[in-house]
Amino acid sequence: MTSIRQLEEPGEGRAPVIEEILTPASHTSAGRPRPSGPVIVCDNLVRIYKVADLEVVALQGLDLIVEPGEMIAIVGASGSGKSTLLNILGGLDTPTAGRATVSGYDLGRMGRRSRTRYRREVVGVIWQQTGQNLLPYLSAAANVELPMALAGRGSRRERANALLQLVGLADRASHRPETLSGGEQQRVAIAVALANGPAVLLADEPTGELDSATSGEIFEVLRHVNTELGTTIVIVTHDPLVSEHVERTVAIRDGRTSSVVLRRTEQAHDGEHRIIAEEFAVLDRAGRLQLPRAHLETLGLADRVRLVLEDDHVEIWPAGSRPADGGDR
Ligand code: ADP
Ligand code: MG
C-alpha cells in the first residue's frame, strides 16, 4: 500500500489536461457497464429506528427516481428524514423495508465486500461538517489521493491535481485544511468525493456551515462537476436557495416525498430567457397524494374528503360540504 508520506510528496507542477485524466462517470473503475434506466430508484423505502421501546419512523414509504446525469435537490424541514435517506443511498445504513438500488446495486442486499466496493467506487459523499470530509494532517491533494490509494488506482497525483483544478482550487493543492476557508474545504471535499469517478455524488447539507454567497458558489461548483463529468448529483439541504441551482427540487415531509418543483428556462418572443418554476404534488404508485399543509388548514380538510371525478380533473371537497352534482357539468 502507498504510505501517507509517499502521498504527501510534492507534485511535479505540470498542468494536467482534465479531459485526459478525468474518466467519465460511466466508466468507473468498477469496470462494469452501468445498466440503462434510472441510476437511483427508491421504491416504498421504510426506515424505522428502534430506541428502547420506542419506534421512530424516519422514512415511511419514500419513492424517488433519479436519471443518470441529473442534479437534484431534496429539501425538507429538520427531522423529515433527509439524512436517513442519504445514509441509505451512501451504503452506510440499510432500509427496514422497501428497496433502494443505485447503479445496479441493491442496497438492502449487499454483502460486506460489495458494500465496501460500493462505498469506495460507486458513490461519493460530502458531509456538512467540513472536518468530517478531510483529514486535517494531509494536504488538499493528499486528501484527494487517499481514496484512490485505497482503491489501488494509479496516476493519483495527476488525477488529484485535475480534480482540484475542476473545483477551482489548483493553487491550494499543497495546503492543509486548517489553512483553507470553509468554502475552500468543501471544494476539496467535492474533489475527494470524486476521486474514484463515482456514478453518484451525494451531499448532505454541504453548505450548512457557509454563508449564503459561499453556498451559492458551492452549488455552482457542483453544477460545474455535473456538466463536465456527467456525474449524477443529489443534494440534501434545508436551504431553499438550492432550487435556483437545480432543475428538480423534491420536497420530503414526514419521510415521504410530498412535492416537486421543476425549473426550466423558456425563451420569450422578445428573445429574453425566463426561468419558469412549477410546483407539482407527488402521486405515488398506490395513488397516495400529500396535500400541502396550508391547503389543509385553509379549508379545514381532515380525516376524509369528498373526491369528484370530472372529465379532465379531480376535485377535493371538505367532507361536510356538498359539491353541486359533480360530473354532469
Ligand atoms: P433530517 O436529516 O431531515 O433532519 P433525519 O433523517 O436525521 O432527518 O431524522 C429523521 C427522524 O429519524 C428524526 O425524527 C430523527 O430524530 C430520527 N432519527 C435519525 N437518526 C436516528 C437514530 N440513529 N436513532 C433514532 N432516531 C433517529
Ligand atoms: Mg440531516
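## The overall picture

Take the contacts in this protein between residues at least 6 apart in sequence: 65% of them join residues at least 24 apart. Two residues count as in contact here if their C-beta atoms, placed from the backbone, lie within 7 Å. This is a predicted model, so local features need pLDDT of at least 70 and side-chain atom pairs count only at pLDDT 80 or more, while totals for chains, interfaces and linings use all residues. Residues are numbered from 1 along each chain as its sequence is written, and chains are lettered from A and ligands numbered from 1 in the order in which they are written.

The protein has 10 helices and 13 strands. Helices (H or I, at least four residues) and strands (E, at least two) are DSSP runs, numbered from the N terminus. Of the 329 residues, 37% are buried. Buried means that 20 or more other C-beta atoms lie within 10 Å of the residue's own; with 12 or fewer the residue is exposed, and in between it is partly exposed, with C-beta atoms placed from the backbone.

Now for the open sheet: 7 strands line up in the order 6-7-8-3-9-10-11, with mixed pairing. At the edges sit strand 6 (123-126) and strand 11 (273-281), each pairing on one side only. From one strand to the next, the twist averages 20°. Two strands pair if DSSP finds at least two bridges between them. In general, strands of a sheet pair through backbone hydrogen bonds, either parallel or antiparallel.

Strand 10 and strand 11 are an antiparallel pair with 9 bridges, and Glu266 stands opposite Arg274 in strand 11. Strand 10 is also the place of Leu262. Leu262 is partly exposed, because it has 14 other C-beta atoms within 10 Å. Setting aside neighbours within four places in sequence, Leu262 is in contact with Glu247, Arg248, Glu278 and Phe280. Leu262 and Thr249 are 13 residues apart in sequence, and their C-alpha atoms are 6.6 Å apart in space.

Helix 3 lies across strand 3 (71-75), strand 6, strand 7, strand 8 (232-237) and strand 9, and runs at about 150° to strand 7. For that angle, axes are lines fitted to C-alpha atoms (for helices over the stretch in contact), and angles run from 0 to 180 degrees between N-to-C directions.

Which residues are around ligand 1? They are Tyr49, Val51, Val56, Ala58, Gly76, Ser78, Gly79, Ser80, Gly81, Lys82, Ser83 and Thr84. A residue is near a molecule if its C-beta atom, placed from the backbone, lies within 6 Å of it. Strand 1 (40-51), strand 2 (54-66) and helix 3 (82-89) are the elements that give two or more residues to this shell. Helix 3 gives the most, with 3 residues. By type, the shell divides into 4 nonpolar, 7 polar and 1 charged. In that tally Ala, Val, Leu, Ile, Met, Phe, Trp, Tyr, Cys and Pro count as nonpolar, Asp, Glu, Lys and Arg as charged, and the others, Gly among them, as polar.

## Helix 6, mostly covered

How many of the residues of helix 6 are buried? In this helix (residues 140-150), 9 of the 11 are. The buried residues are Ala140, Ala141, Ala142, Asn143, Val144, Glu145, Leu146, Pro147 and Met148. Just after helix 6, Gly152 takes a positive phi of about 70°.

## Two loop residues with positive phi

Glu205 is not a glycine, yet it has a positive phi of about 45°. Glu205 is in the loop between strand 7 (200-204) and helix 9 (212-229), and counts as buried because 20 other C-beta atoms lie within 10 Å.

Asp254, also not a glycine, has a positive phi of about 45°. Its loop runs between strand 9 (248-253) and strand 10 (256-267). Asp254 is partly exposed, with 16 other C-beta atoms within 10 Å.

## The hairpin of strands 12 and 13

Strand 12 (residues 305-309) and strand 13 (residues 314-318) run antiparallel and are joined by 5 bridges. A hairpin links strand 12 to strand 13 through 4 residues. Across the pair, Arg306 stands opposite Trp317 in strand 13.

Pro318 is also in strand 13. It counts as partly exposed because it has 14 C-beta neighbours inside 10 Å. Leaving aside neighbours within four places in sequence, Pro318 is in contact with Leu299, Gly300, Leu301 and Val305. Pro318 and Leu307 are 11 residues apart in sequence and 9.1 Å apart in space, C-alpha to C-alpha.
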